[in-house]
Amino acid sequence: MISERDSETTFDEDSQPNDEVMPYSDDETEDELETQPAVEPEQNRINREVEVTRETLRKDCSWQVKANDRIFYELPQFKKTKFLCLKKSIYSGNAIKTYKYNPITFLPLNLFEQFKRAANFYFLILLILQSIPQITTLAWYTTLIPLLLVLGITAVKDLVDDIIRHRMDNEINNRTCDVIKDGRFRSTKWKEIKVGDVIRLGKNAFVPADILLLSSSEPNSLCYVETAELDGETNLKFKMSLEVTDQYLQEERALADFDGLVECEEPNNRLDKFTGTLKWKGRSYALDADKILLRGCKIRNTDACHGLVIFAGADTKIMKNSGKTRFKRTKIDSLMNYMVYTIFVLLILVSSGLAIGHTYWEQQIGNISWYLYDGLDYTPSYRGFLNFWGYIIVLNTMVPISLYVSVEVIRLGQSYFINWDLQMYYPEKDTAAKARTTTLNEQLGQIHYIFTDKTGTLTQNIMAFKKCCINGQTFGECRDKTGELRNRPEQVDFSWNMYADGKLTFHDQYLIEQIRSGNEPEIQRFFFLLALCHTVMVDASDGDLNYQAASPDEEALVTAARNFGFAFLSRTQNTITISEMGIVRTYDVLAILDFNSDRKRMSIIIRDPNGKIQLYCKGADTVIYERLHPRNPKRQATQEALDIFASETLRTLCLSYKDISNEEYEAWNKKFMAASVAVRNRDEALDKVYEEIEKNLI
């Protein structure tokens with residue numbers, strides 16, 4: 001089988017804004033989850049924790065967003081002093097700026113950057129020295145012309161690079177989307193979008209700002225997004241709006257009348273974190289990252305969605321991660337500066353030696369030779385001092401200023417060769433390599449180490465179900481219906497299954513026979529778990545089941561269950577529907593215990609149509625084995641199978657379950673609800689609650 005979902009998003013940071021860990025105060029502690037006396041009524045404890053959460057929210061969530069009310073942001077409390085008495089709104093506009101220069105700053109900034117190069121600075125000093133008549137030995141223009149040539153060529157190249165950045169910024173800022181204005185959706189440029197605007201996005205559109213998902217054209221206001229520009233993952237992820245906004249904010253008039261107030265954390269750079277609350281119609285609703293669409297995402301498989309702009313422009317998370325545009329220097333630049341510094345030292349030593357020699361000559365010969373008298377009564381030491389600077393000027397050819405021009409020309413040529421390189425052309429998407437800057441390309445040849453956390457690039461993230469061990473029995477070998485091994489593989493027949501996609505390659509006829517006969521309930525429970533315990537979404541718009549998963553291994557597991565007779569059909573915010581050997585059943589989803597890289601597992605708690613509550617869990621074998629029931633007879637057999645699978649280079653994970661009584665669930669659910677609304681250290685609080693229920697597994 002394949003491994004735990006190690007490619008899913010990791011939630012392991014604290015949820016405080018500005019990347020600082022704020023200490024608890026006496027009235028903000030949320031440790032009541034475990035530290036309150038047992039005699040205290042449970043409801044009183046929960047009520048107090050909610051009040052603590054609200055108080056913390058007021059203190060930490062100082063960013064306020066009012067829907068469809070631009071006048072709200074003109075209030076004095078939303079202004080900050082920019083310069084002297086000039087004040088500016090704390091809310092950024094949605095226009096972005098990635099360029100370095102503008103018409104006013106180009107000349108001073110570019111000259112400042114160029115004179116950071118040692119040779120350029122040397123020739124500037126040389127030019128100043130040549131303007132002093134007492135020490136000049138060459139005309140000043142002999143230095144000025146080469147210096148201007150070097151500065152001019154580099155400035156033109158930098159200007160061309162920056163013009164390209166300006167064009168890219170203008171192209172992005174002038175994209176359009178629909179924004180509510182005067183009660184109607186009107187096409188508006190991205191740069192004119194403001195915080196608090198309600199916008200509408202279509203299929204394959206980029207998200208222009210960080211927005212709160214209000215509703216979409218999909219059932220339960222699901223929205224599929226591609227986050228390749230944020231984290232490089234090409235797998236689709238799904239977002240889901242609040243149930244209340246999904247219910248009431250579908251029509252244009254309702255969206256125009258929407259006047260909700262969002263209180264949330266300050267803008268920060270954490271892509272997988274968001275904490276806030278929506279206040280609307282006298283009630284408050286908790287918000288998290290699953291309800292936020294970030295700038296840079298692309299809407300996929302969703303015809304239309306609506307959102308409220310929370311962060312715009314420079315305040316968006318992707319821009320917070322990019323930081324300010326910096327002047328970058330390559331190792332070649334550093335090496336050339338080092339070489340020039342070395343030449344400087346040598347030049348000073350040579351000039352010093354010549355100046356000392358000249359002083360000695362003046363003392364011995366110059367002062368007594370009447371025909372060498374120039375009419376200036378300088379002392380020999382002073383004449384030696386002046387000649388020191390004269391030698392600095394005469395020997396300026398030791399400093400290779402032309403080397404910088406040569407390097408710039410080489411870089412420009414290399415950038416064109418990169419763009420023309422056929423071996424870096426990707427024909428499937430008609431995409432060629434593009435050098436976006438001509439100042440850093442030689443760095444590509446100076447890479448010493450490459451670190452990678454997984455092999456997805458090599459495997460193209462293509463996963464397939466291979467083998468499994470169920471209740472101590474291993475399946476996946478080439479066997480017939482009686483369990484006898486075959487000499488040659490023969491594809492199993494999935495024609496009995498109306499939901500089979502026909503793409504799964506499997507050769508164990510015995511497993512199919514066991515599933516269809518129903519003689520082994522644990523085998524059916526195994527695939528039932530795979531069809532149930534996941535975060536996959538299904539698109540059945542074209543009559544077929546198309547699964548959209550956050551990771552390829554999770555999609556492979558759900559697809560395998562589908563082929564073996566347990567097909568995931570649909571889900572809502574509170575239910576999940578599957579077909580069990582042709583019988584369609586709907587289960588109530590009571591809780592989803594999320595996966596993260598620390599937990600290395602995911603669980604789901606469901607209630608079946610008969611009212612029975614069960615927990616199903618899947619994850620890494622190390623964490624599952626730690627939580628098994630002490631009397632688990634198949635423990636050793638399963639471990640041996642895992643070792644065999646691993647030795648065959650298969651990615652592995654374990655599946656487990658447990659039955660939960662109503663009383664146990666009700667007691668646990670109260671703690672779960674209290675932890676779910678925590679503002680500070682929410683993940684840690686949830687992990688503690690998860691641990692209480694994920695034990696004594698089978």
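**Sheets, helices and confidence**

Analyst: Start with strand β8, residues 222-226. Five bridges join β8 to β9, and the two strands run antiparallel.

User: Which residue of β9 does Glu226 stand opposite?
Analyst: Leu236.

User: What strand order does that sheet have?
Analyst: β9-β8-β14. It is an open sheet of three strands, with antiparallel pairing. The edges are β9 (236-240) and β14 (298-300). Each has a single partner strand, so one side of each has no neighbour in the sheet.

User: By how much are neighbouring strands turned against each other there?
Analyst: By 45° on average, ignoring direction.

User: Before I go on, is this model predicted or experimental?
Analyst: Predicted. The mean pLDDT of the protein is 81, and 86% of its residues reach 70 or more.

User: Where is the pLDDT below 50?
Analyst: Residues 1-40 are one such stretch. In the model, residues 1-40 still have 121 contacts beyond near neighbours in sequence. Residues 52-59 are also below 50, with 17 contacts of that kind.

User: Why should I be careful with the coordinates where pLDDT is low?
Analyst: Because low pLDDT means the predicted coordinates should not be read in detail.

User: OK, helices now. At what angle do α4 and α5 pack?
Analyst: About 150°, with their axes 9 Å apart. Helix α4 covers residues 118-130, and helix α5 covers residues 141-173.

User: So what do you call that arrangement of α4 and α5?
Analyst: Roughly antiparallel, because an angle over 145 degrees counts that way. The crossing of α4 and α5 is left-handed.

User: Which residues meet between α4 and α5?
Analyst: From α4, Asn120, Phe123, Leu124, Leu126, Leu127 and Gln130. From α5, Thr142, Thr143, Leu144, Leu147, Val150 and Leu151.

User: How do the residues of that α4 with α5 contact divide into nonpolar, polar and charged?
Analyst: Eight are nonpolar, four are polar and none is charged.

User: And α4 with α11, at what angle do they pack?
Analyst: About 130°, with axes 10 Å apart. Helix α11 is residues 380-394. That angle makes α4 oblique to α11. Here too α4 passes in a left-handed crossing.

User: Which residues make the contact of α4 and α11?
Analyst: On the α4 side, Tyr122, Leu126, Leu129 and Gln130. On the α11 side, Trp389, Ile392 and Ile393. Six of the contact residues are nonpolar, one is polar and none is charged. Note Leu126 and Gln130: they meet α5, and they also take part in the contact with α11.

User: Switching topic. What is the strand order in the sheet of six strands?
Analyst: β20-β21-β22-β23-β24-β25, an open sheet with antiparallel pairing. At the edges stand β20 (566-571) and β25 (654-660). Each of these has a single partner strand, so one side of each is left without a neighbour in the sheet. Neighbouring strands are turned by 30° on average, direction ignored.

User: How many bridges join β22 to β23?
Analyst: Five, and those strands run antiparallel. β22 is residues 583-593, and β23 is residues 601-607.

User: What about α15 and α16, at what angle do they pack?
Analyst: About 130°, with their axes 8 Å apart. Helix α15 is residues 521-532. The two helices are therefore oblique to each other. Their crossing is left-handed.

User: Which residues meet there, between α15 and α16?
Analyst: Phe527, Leu530 and Ala531 in α15 meet Leu557, Val558 and Ala561 in α16. The contact has six nonpolar residues, no polar and no charged ones.

Note on methods
Residues are numbered from 1 along each chain as its sequence is written. This is a predicted model: local features need pLDDT of at least 70, side-chain atom pairs count only at pLDDT 80 or more; totals for chains, interfaces and linings use all residues. Side-chain values use heavy atoms; hydrogens and water are left out. pLDDT is the predictor's confidence in each residue, from 0 to 100. Contact means heavy atoms within 4.5 Å. Axes are lines fitted to C-alpha atoms, for helices over the stretch in contact, and angles run from 0 to 180 degrees between N-to-C directions. Helices (H or I, at least four residues) and strands (E, at least two) are DSSP runs, numbered from the N terminus. Angles under 35 degrees count as roughly parallel, over 145 as roughly antiparallel, 65 to 115 as roughly perpendicular and the rest as oblique. A crossing is left-handed if the near helix is turned anticlockwise from the far one by less than a right angle, and right-handed if clockwise. Ala, Val, Leu, Ile, Met, Phe, Trp, Tyr, Cys and Pro count as nonpolar, Asp, Glu, Lys and Arg as charged, and the others, Gly among them, as polar. Two strands pair if DSSP finds at least two bridges between them.
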